[in-house]
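Let us walk through this model from the inside out. Keep the structure open as you read.

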Amino acid sequence: MLRRTPTGDAEGVGGGLADLGRGRGDGRAPDVAVGLAVQDEGAGRRIVDALAEGGLAVIARAASAEQVVAASVVPCDVVVLAGPAANSQRAAEIRLVREQLPTAEAVVVSSAPGGRGVRKALNAGAAGFVFESEMASTLAVTVRAVAAGQVAIPRQLVHHVDKPALSPREKQILGMVVLGFQNQEIAAKLHLAETTVKSHLSSTFKKLDVGSRQDAAALVLDHREGLGPGILSMPGAEHPASVEGGG
């Protein structure tokens, strides 16, 4: 089982990688073969420099994950995915790497990944995250950690790894939202003020890292997201007024 290791933990990551070795300068294959998918040339240079500082070299570099896979004459141990991308696009890239290069791990470099993006990427098979602003100190150690079979993410993102912790009332209200109830209907059925329902939803949206009830419902029902209906407290055999009144 993979061990989660916050990259900010010097003993857990840095110390644990002390014996993995550095990049070789004798012409032999590097101890960790790294692929890089990034479009921006400046970002690419910064990533290559950060890896070089840790004794790692990029053996395959291209603008997309698909091109990196095609260019990998020598199998990559780790593929670094960088640059802006929608959560679904990044997840698709990670799945491509894991399917086409089954022995390779994926590390995501991002400016500020949200909780939903972190969970989606981990569910797709990513093993590491690095903040773009912290590449110089954390990228190489993260690459080495995932190559050694660990999952390495910044301490700030650890709380995003597990399912969001919703209160019983938040689960109940979210379940009714998924069923199609509007705030006024939820308030009436649960004997709450509508402002209280809105307050619970606002807290739930923040925990789920979504901006609307539609996004929240889609997140729960997305089989790839890992949340699933089990996060809900579904009401009994009730239906929203819009359903009851329909044909």
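Predicted model: local features only at pLDDT ≥ 70, side-chain atom pairs only at ≥ 80, totals over all residues.

Residues are numbered from 1 along each chain as its sequence is written, and side-chain values use heavy atoms, with hydrogens and water left out.

Start with the largest nonpolar core, which has 26 residues. A nonpolar core is a set of buried Ala, Val, Leu, Ile, Met, Phe, Trp, Tyr and Cys residues joined through side-chain atoms within 4.5 Å. Buried means under 20% relative accessible area, exposed over 50%, and partly exposed in between (1.4 Å probe, protein chains only). Val68, Val79, Leu81, Ile94, Phe129 and Leu157 touch the most other members. Several elements each supply at least two residues, among them β3 (58–62), α4 (87–100) and β6 (126–131). Helices (H or I, at least four residues) and strands (E, at least two) are DSSP runs, numbered from the N terminus. The largest share, four residues, comes from α5. A second, separate core has 23 residues, including Ala43, Leu51, Ala82 and Met135.

Met135 is also one of the buried residues of α6, as are Leu139 and Val143. Helix α6 covers residues 135–147. Its 13 residues should span 18 Å at 1.5 Å a residue, taken times one less than the number of residues. The end C-alpha atoms of α6 are 17 Å apart, which agrees. Just after α6, Gly149 takes a positive phi of about 95°.

Now the surface. Val73 is found in the loop between α3 and β4. Val73 counts as exposed because its relative accessibility is 79%.
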